[in-house]
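Please find below a colleague's note on the structure under review.

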Amino acid sequence: MEAEGSSGLLLSRKRRRDGSNGEAEESERLGKIPRFTVGLKHPAPFADELVPANKKPYARVTMEEAKRGTPPERPVRVYADGIFDVFHSGHARALMQAKCLFPNTHLIVGVCSDDLTHKYKGFTVMNEDERYDAIRHCRYVDEVVRNAPWTLTPEFLAKHRIDFVAHDDIPYSSAGSDDVYKHIKEAGMFAPTQRTEGISTSDIITRIVRDYDVYVRRNLQRGYTAKELNVSFINEKKYHLQERVDKVKRKVRDVEEKSKEFVQKVEEKSIDLIQKWEEKSREFIGNFLQMFGPEGALKHMLKEGKGRMLQAISPRQSPSSSPTREERSPSPTFRLPFFSKTSPPPSPRPHHSGARGYLISEDDEEEVEDDEDEN
C-alpha cells in the first residue's frame with residue numbers, strides 16, 4: 001500500500017506538470033516530497049514460485065475501469081517484458097512508468113532466456129540468472145517471469161491473467177514480424193510508455209568498446225590477469241608501459257601545477273616586498289630631506305648653535321652713556337709729575353693722598369677722578 005501511495009504521488013505530480021497553468025505546475029513540481037519509507041524489504045518473487053491463482057475465470061478489466069481504480073483485491077495486472085542486459089536507469093524508468101499506469105497496479109516483468117536472446121538479438125553481457133536477479137531487486141516489480149516468450153500468445157496472457165502490456169510505442173521488428181506487439185495493440189491491451197533518451201545497453205557497450213584500452217588497463221591495475229581479460233603477453237606489457245608513462249605524465253603535471261603555484265606565491269611576495277621597499281625608501285628620503293634639506297632641521301640647529309657660540313665669546317657691552325672701546329683713543333702709560341723719575345714703578349695699590357706715585361693708564365686715571373669727585 002505504501003508503494004501504491006508513492007505511485008499515486010508520482011502520477012499526481014506528472015498530471016500537474018501536464019496542466020495548462022505552467023507557473024502553478026512549476027511551483028508544485030518543485031515542492032518537497034513527504035518523508036516516509038516506501039522501499040520493500042524483499043526482492044520480487046518468481047511467477048513459478050507463487051501459489052497458483054484462484055480458480056475464478058479470467059476476465060480482463062477495461063481501460064476505463066483500470067483508470068478509475070479497481071478494488072485492492074483486484075489490481076490491474078500489467079505485463080512488461082525485455083532482455084534487461086546491463087540493467088540501467090532507462091530500464092528502471094520504463095518499469096516505473098508501467099507501475100504508475102493505473103492507481104492499483106500489479107507489475108509482472110518477463111525476462112527472456114539466454115538461448116532465446118542469443119537467437120533473436122545477440123550475445124549478452126550478463127547471463128540470464130544475473131538478469132533475473134537484477135529485475136527482482138527493482139523496487140517497481142511485483143513478480144518476475146523467467147524464460148519469457150519472445151512473442152506473447154493468448155495462452156501466456158491467460159495463464160498469467162494479464163490485463164495490459166506495457167512497452168514503448170515504437171514498432172519492434174523481430175522474429176520475422178514488423179511489430180511483435182501488433183496483435184496486442186489490435187486487441188486494445190497495449191499501454192504505451194516512453195523511452196529514456198541518451199542511455200541504453202547498446203550505448204553502454206559502445207562506450208566500453210570505444211575506450212577498450214582504458215578499461216583493460218583499469219582492470220589490470222585492479223588485479224585481473226591478462227588471461228582473464230583475454231589480452232596477449234605483448235599487449236599486457238604495452239598496457240603496463242602505458243600506465244607507467246601516464247604516471248610520469250601525471251607527476252610532471254603535478255610538478256608543473258605546484259611550480260606554478262610556487263611562482264605565483266613568489267611573485268605575490270616580491271610585489272609585497274617591492275611595495276614595502278618603496279614605502280620605506282620614500283619615508284627615508286622624506287626624513288633625510290627634513291633633516292639635511294635647504295630648510296631642514298640641521299640648518300636651523302647650526303644657526304642656533306652659531307648664535308649661541310658668538311654670544312658666549314663676545315664681551316658684555318658698556319652702558320649706552322659711556323663711549324665704546326673702539327671710540328676711545330689708546331691711552332699710553334705716563335708718570336705723574338710729582339713722582340721722582342728715578343724711583344721704580346710701584347705695584348698697583350689703592351689710591352692714597354700719600355707720598356708714592358705709580359704708573360697708571362688713562363683709564364685708571366679716569367677711575368681715580370671719579371673717586372675724587374665722589375669724595
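1. Basis. The model is predicted, with local features requiring pLDDT of at least 70 and side-chain atom pairs counting only at pLDDT 80 or more, whereas totals for chains, interfaces and linings use all residues. Residues are numbered from 1 along each chain as its sequence is written, and side-chain values use heavy atoms, leaving out hydrogens and water.

2. Overall make-up. The protein contains 13 helices and five strands; helices (H or I, at least four residues) and strands (E, at least two) are DSSP runs, numbered from the N terminus. Of the 375 residues, 27% are buried, where buried means under 20% relative accessible area, exposed over 50%, and partly exposed in between (1.4 Å probe, protein chains only). The protein exposes about 28,000 Å², and carbon and sulfur atoms supply 55% of this area; accessible areas come from the Shrake-Rupley method with a 1.4 Å probe, and for residues only the protein chains shown count as cover. Among contacts (heavy atoms within 4.5 Å) with a separation of 6 or more, 69% involve residues 24 or more positions apart.

3. Salt bridges across the sequence. The whole structure holds 13 salt bridges, each defined as a side-chain nitrogen of Lys or Arg within 4 Å of a carboxyl oxygen of Asp or Glu. One of them joins Asp-163 to Arg-74 at 3.1 Å, N to O. Asp-163 lies in the loop between helix H7 (154–159) and strand E4 (164–168), and Arg-74 in the loop between helix H3 (63–68) and strand E1 (76–82), so this pair ties together parts that are 89 residues apart in sequence. Asp-163 is buried at 0% relative accessible area, while Arg-74 is partly exposed at 25%.

4. A second such pair. Asp-142 and Lys-99 meet in a salt bridge at 2.6 Å, N to O. Because Asp-142 lies in the loop between H6 and strand E3 (143–146) and Lys-99 in helix H4 (residues 89–99), the pair ties together parts 43 residues apart in sequence. Here Asp-142 is partly exposed at 23% and Lys-99 is buried at 7%.

5. Further charge pairing. Asp-211 forms a salt bridge with Arg-210, with the closest N and O atoms 3.8 Å apart. Arg-217, Glu-243, Asp-246 and Arg-250 are linked in a network of salt bridges.

6. A buried charge without a partner. Arg-136, in helix H6 (residues 128–136), is buried yet has no salt bridge; Asp-133, the nearest side chain of opposite charge, is 4.4 Å away. Lys and Arg count as positive and Asp and Glu as negative, with His and the chain ends not counted. Leaving aside residues up to four places away in sequence, Arg-136 touches Pro-43, Ala-44, Phe-46 and Val-144.

7. Surface patches. Patches are made of residues with over 30% relative accessible area and no salt bridge; like charges are joined within 9 Å, and nonpolar side chains (Val, Leu, Ile, Met, Phe, Trp, Tyr) within 5 Å. Asp-254, Glu-256, Glu-257 and Glu-261 form a negative patch, the place of a charge being taken as NZ of Lys, CZ of Arg, CG of Asp or CD of Glu. A nonpolar patch with about 920 Å² of accessible area together includes Phe-284, Met-291 and Leu-302. H11 and helix H12 (297–313) are the elements that give two or more residues to the nonpolar patch, and H11 gives the most, with six.
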